[in-house]
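Let's take a friendly walk through a place where two protein chains meet. Have a look at the picture first, then read on.

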Amino acid sequence: MDSIISVKDVTYEYKDEETTVAAVKALSLEIERGSFTVILGHNGSGKSTLAKMLNGLNKPTSGDIFVDGINTKDEENEIEVKRKVGMVFQNPDNQIIASIVEEDVAFGPENLGVPPKEIKKRVDDALRAVDMLEFKESTPHRLSGGQKQRIAIAGIIAMQPECLVLDEPTAMLDPKGRAEIIETLIRLNKEKGITVVLITHYMEEAQNADRVLVMNDGEIIADDKPKVIFSDVERLKRVGLDVPQTAELLYNLKKNGFNVDTHALSIKEAANEIIKALHSEE
Amino acid sequence: MLRDITFGQYYESHSLIHKTDPRVKIVLLFLLIIFIFLAQNGFALGFAAASVLIIMLITKIPFKLYLKNMKAILPVLIFTAVLNLFYGESGRVLVSFWKLQITTDGVSRAIFMAVRITLLIFISSALTYTTTPNDLTDAIERLLSPLKFVGLKNAVHTLAMMMTIALRFIPTLIEEAEKIMNAQKARGADLENGKLTERVKALIPILIPLLISSVRRAYELAEAMECRCYNGGEGRTRMKQMHMAGRDFIVLGASLVICGGIITLNILL
Ligand SMILES: Nc1ncnc2c1ncn2[C@@H]1O[C@H](COP(=O)(O)OP(=O)(O)OP(=O)(O)O)[C@@H](O)[C@H]1O
Ligand SMILES: [Mg+2]
């Protein structure tokens, strides 16, 4: 496997005077180049802590993380690691730096010392990639949450990263804004080949992923295709996660003796499964 | 509304002054203000006033907007003028009471002062109406950039960054303050009535949450900036370049003519 990020036996501890909390425990993980990975887990399971280590914002207490072969602890390459692994957070308001959209998107490339002409081109490309080019000269605080978050994503794209890590980017958005972001991410992944690591609380956002990781108490307890993950309803419930309604319905049908395949995820697939099962009953 | 601080007082009317390089505008503002205060006699000041009026016409900004800015400063203007009334040292005594007297010299001083302050407000408004706060910030950063040669490189960059972030966050914080205020009102807080001390006390439950959330914002913003490869402005380039164009030199030349005119009238008359 060609990994863009390798996490090797990493532990992260938050320390204060009295207590030490291990938020990530002896975790190892490979993220494949060009893949779309979703990380699930209940509150406090260590998702954000892991995410902030992927671009070197936090350094592991023990163990190492390699981004494209560079150790995130390597101080000389700190900027390069942050460029390669772009990070988007929950609250778009606290990520936008300038009061004009295009100037905000230009912030990253400016910091990287990209020549002005090239920055202009990158800003246009990035805004086009998130479908926000027409708002180039607007001011961010007049935009909707979903639009602001897309501006934040454009600000990262303009640095031409290999990988995008997003920590609950849809948590503060309405359903329409959420759909916009997920659509944008899928497009960036498919068309630009950018690796996506998406942390979310919304199960339906995991359905499009190549791979789903479930975190619990600082560890990865499941790592598989979405269909497989969601068919194991009991495990998900055990670690305090919601289950997509379709998965739960099929699971309950199966438990009560109906012959359905619990791997169906979309409503349509689930409906077909149920129709099939009803026909075979006759 | 304050919320529109992003554009400040900016008023788009596509004039020559709008298109002038903001750096040129800032330098000329200072130059003209100095020369307005250097005008010694009525002719020089009259010439300065005429020039300022012409500049105002060129900006194509409605005159009432200029007057609006005037209104805010009117008390200061009146105060300064009245003070100057009593400062006349020579000239015929017009009125005299107690230890004070108003002389013809005092009257002319008062008028001069009032005209100068008025011109100062008009000409500064001509800058703020034709330039966005962002452009102003950028221009100030670039104008101050020679300071980096005397070891103040970081200071200039930091100052400009602070202004950029302040401009960006003022609308956000105002919105947040409104939200908190509404939340407190919904819980029965009375912000509008009562004695001054009570009203000040009522502000505390608004300021504390606002402060806490600002600290959180600042922390998250710092992380976001770090993620976007910010490292204090070292090796940073800028997307927007400022180039002086032909029209900037015309504006510059015209302003120098105004300054020259004021000095000539000062000497000749
Ligand atoms: N700054 C901190 N100082 C001390 N402990 C912290 C800090 N940040 C997180 N923790 C602890 O580390 C653990 C993991 O937190 P983390 O934020 O990584 O979880 P998460 O999965 O992102 O949760 P959420 O879904 O709420 O975002 C939690 O027990 C939390 O209390
Ligand atoms: Mg989190």
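How many residues does the contact take from chain B and from chain A? The contact takes 34 residues from chain B and 40 residues from chain A, where contact means heavy atoms within 4.5 Å.

Before going further, note that this is a predicted model, in which local features need pLDDT of at least 70, side-chain atom pairs count only at pLDDT 80 or more, and totals for chains, interfaces and linings use all residues. Residues are numbered from 1 along each chain as its sequence is written, chains are lettered from A and ligands numbered from 1 in the order in which they are written, and side-chain values use heavy atoms, leaving out hydrogens and water.

Together, chain B and chain A bury about 3400 Å², 54% of it on carbon and sulfur atoms. Buried area is the accessible area (1.4 Å probe) that two parts lose on being put together, summed over both. Arg168(B), Arg228(B) and Met239(B) supply 28% of the area that chain B buries against chain A, more than any other three residues.

Now for the links across the interface. The rule finds seven salt bridges between the chains, each a side-chain nitrogen of Lys or Arg within 4 Å of a carboxyl oxygen of Asp or Glu. One of them joins Glu223(B) to Lys52(A), with the closest N and O atoms 3.2 Å apart.

Here is how the residues on chain B's side divide:

| Class on the side of chain B that touches chain A | Count |
|---|---|
| Nonpolar (Ala, Val, Leu, Ile, Met, Phe, Trp, Tyr, Cys, Pro) | 13 residues |
| Polar (the others, Gly among them) | eight residues |
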